[in-house]
Amino acid sequence: MDQDKLDISSRVAAWATNNIKYIAIGAVIGIAIPLILNYQEYKSEQRNIGASDLYYELTNLANTSEETYQIADKIFENHSESVYETLTKFILSKKEFENKNYKISRKYLEDIIKNNNNEAYVSLAFIKISLIQIEEKNYDEALLSLEKIKNKKPFKHILSELKGDIYNFKGDRNKSLLHYNEALEESAIDNENLLMKRNSVKD
């Protein structure tokens, strides 16, 4: 019996000697994997903090146009495919819209639609494109943009009001009134501006 134990011990020792390289590698991997994962998590957190700080700078109303675009370039360069890239494009689109640079404003929104899987962001981009088309008096195109929104329920109040505006501009008071009434029904608060719009198209 004792001889059997010795034989087993000898075989285990021999196996360990022959495979020591693989045992050591296994031990190193077992330790390294959690360390690598922790390091990657740490680096991800640091990137998010850096992106958040840059985005905070971007939203500073005191920025000049040049400063805004310099900060945006840093976000695009160092934090591409993050939520901050998308939010930055919304901000730049808004600034271009305010400056009546509708083509550039629309380009940022189209980038969001093309490269983003977040349905809410894509829906907001379509809404903002419709606003550009309204400014350009492309009313039928604006309606088509609104129809491209897949999940309309969260935006029903906004969509109804925009459609009311579009039909009002097109001179169709009946459809305009219909959509303004829908918007008022969906509105969670009293909206004096919307009431004024609705009353302006009533007979």
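This is a predicted model: local features need pLDDT of at least 70, side-chain atom pairs count only at pLDDT 80 or more; totals for chains, interfaces and linings use all residues.
A residue counts as buried when its relative accessible area is under 20%, as exposed when that area is over 50%, and as partly exposed in between. Ser130 has 0% relative accessibility and therefore counts as buried.

**The largest pocket**
- The largest pocket has a volume of about 170 Å³, and its lining is made up of Glu81, Ser82, Val83, Glu85, Thr86, Lys89, Asp111, Ile112, Asn115 and Asn116.
- Two helices, α4 (83–98) and α5 (102–115), each supply at least two residues of this lining, and the largest share, four residues, comes from α4.
- Sorted by class, the lining of the largest pocket holds four charged, four polar and two nonpolar residues.

**Helix α4**
- With 16 residues at 1.5 Å a residue, α4 should span 22 Å, which agrees with the 23 Å between its end C-alpha atoms.
- The buried residues in α4 are Tyr84, Glu85, Thr86, Thr88, Lys89, Phe90, Ile91, Leu92, Ser93 and Glu96; among them, Glu85, Thr86 and Lys89 also line the largest pocket.
- Just after α4, Lys100 takes a positive phi of about 65°.

**Ser130 and its contacts**
- Ser130 belongs to helix α6, which covers residues 119–135.
- When neighbours within four places in sequence are left aside, Ser130 is in contact with Ala142, Ser145, Leu146 and Leu162.

Terms used:
Residues are numbered from 1 along each chain as its sequence is written. Side-chain values use heavy atoms; hydrogens and water are left out. On a 1 Å grid over the protein atoms alone, a cavity is a set of points where a 1.4 Å probe fits but cannot get out, and a pocket is an open set with protein on both sides within 12 Å along at least five of seven lines; lining residues have an atom within 4 Å of a point. Grid points are joined across faces, edges and corners, and a volume is the space filled by probe spheres set on the points. Ala, Val, Leu, Ile, Met, Phe, Trp, Tyr, Cys and Pro count as nonpolar, Asp, Glu, Lys and Arg as charged, and the others, Gly among them, as polar. The expected span of a helix is 1.5 Å times one less than its number of residues. Buried means under 20% relative accessible area, exposed over 50%, partly exposed in between (1.4 Å probe, protein chains only). Contact means heavy atoms within 4.5 Å.
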